[in-house]
Structures are given as structure tokens and as C-alpha cells.
Amino acid sequence: MAAYQTVVVGTDGSDSSFAAVDRAAGVAADSGATLVIACAYYPASKNDVDKAQDVLRDEAYQVVGSAPAEDTLQDARDRAIKRGATKIETVPVVGDPVESLRKVVSDHSADLLVVGNRGLNTLAGRILGSVPSEVARKSGVDVLIVHTT
């Protein structure tokens, strides 16, 4: 089996997702693969933006729009570099995490998707489905579910 060429990992800034970033970075480093770090987010509504600007003034950019996703991606990139990954792309994606990860996998012709296991063993995850179980069923590529909890 050939080494992976493109590894996609999803992060939401949680400790669990950063553990998945660490593992994905290690796999990418070991195989010389490109690491694509994705963060799905929903844009803030105009009402939310206005409220944030009223309260936070010049600091509003930190909590509205794509700024939180961009910060999460930068933190994930820094972690990946520490784990030896050298070819790293970051991708903020508007939308649902499962569909966003599927899109990133497709857009980058990835051959491995890495996610944390958060939600797999919860009651809500078993009833409603979790991001790891959904992407494992729907991604169409190898999926590494990292034990993080």
C-alpha cells in the first residue's frame, strides 16, 4: 500500500479535535503527505454582528464572522508544525461539519480523513449520530478515528 498523499483533519478548537490534529500531523509527517486542516463554522447573523460590535467595539472581529475559525486553524497549524508536518494547508468552511469535511476531502482529493472520537460514545451520538460516525460512513476515503476521550 502506498503512503497517504493528502490527509484531511477537522478541528473545532476542542481538546479532542486538537488531539486528532496531532495524530494527523504525525501521519502526514511520516508519509510526506500534505496536511489539510479544516474548520467548519456558521457565519454570524447581522443581528449577532451588530450586538457584538455594540458591546466589543474594535474587538468584535474576534467573535464574529470567520475570525474564531481562523484562530482555531492557526492554533492547529502551529500544533501540526510541532508534530513534524511540513506541507500544511488550512481551510475555513462555512457549514455543517460532516458536509464540510466531505467537501474538503473531495476538493483536495484526499486519501485519508482524521477525526477525533468525541460524540461516538454519548447517548446523543448514538441516537442522533456524531461527526466521526457520519464521516466514517459517508466520506468515501480511509478514516482514522483517533481515541481522544
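How many of the 8 residues of β2 are buried? In this predicted model, local features need pLDDT of at least 70 and side-chain atom pairs count only at pLDDT 80 or more, while totals for chains, interfaces and linings use all residues. Residues are numbered from 1 along each chain as its sequence is written, and side-chain values use heavy atoms, with hydrogens and water left out.

Strand β2 is mostly covered, with 7 of its 8 residues buried (under 20% relative accessible area, 1.4 Å probe, protein chains only). Helices (H or I, at least four residues) and strands (E, at least two) are DSSP runs numbered from the N terminus.

The open sheet has 5 strands in the order β3-β2-β1-β4-β5, with parallel pairing (pairing requires at least two DSSP bridges between strands). Because β3 (88-94) and β5 (142-146) stand at the edges with a single partner strand each, one side of each lacks a neighbour in the sheet. From one strand to the next, the twist averages 25° (angles run from 0 to 180 degrees between N-to-C directions, with axes fitted to C-alpha atoms, for helices over the stretch in contact).

Strands β1 and β2 run parallel and are joined by 5 bridges; Val8 has Val36 in β2 as its bridge partner. The β-α-β crossover from β1 through α1 to β2 is right-handed, that is, clockwise from the first strand over the helix to the second with the strands pointing away from the viewer. Parallel pairing of β2 with β3 extends over 7 bridges, and Ala40 stands opposite Val93 in β3.

Strand β4 (residues 112-116) is joined to β5 by 5 bridges in parallel, with Leu113 opposite Val143 in β5. Helix α1 (residues 15-31) packs on the sheet and touches β1 (6-10), β2 (34-41), β4 and β5 (contact: heavy atoms within 4.5 Å); the direction of α1 makes about 170° with that of β1.

Definitions and conventions
Buried < 20%, exposed > 50% of the residue type's maximum accessible area, 1.4 Å probe, protein only.
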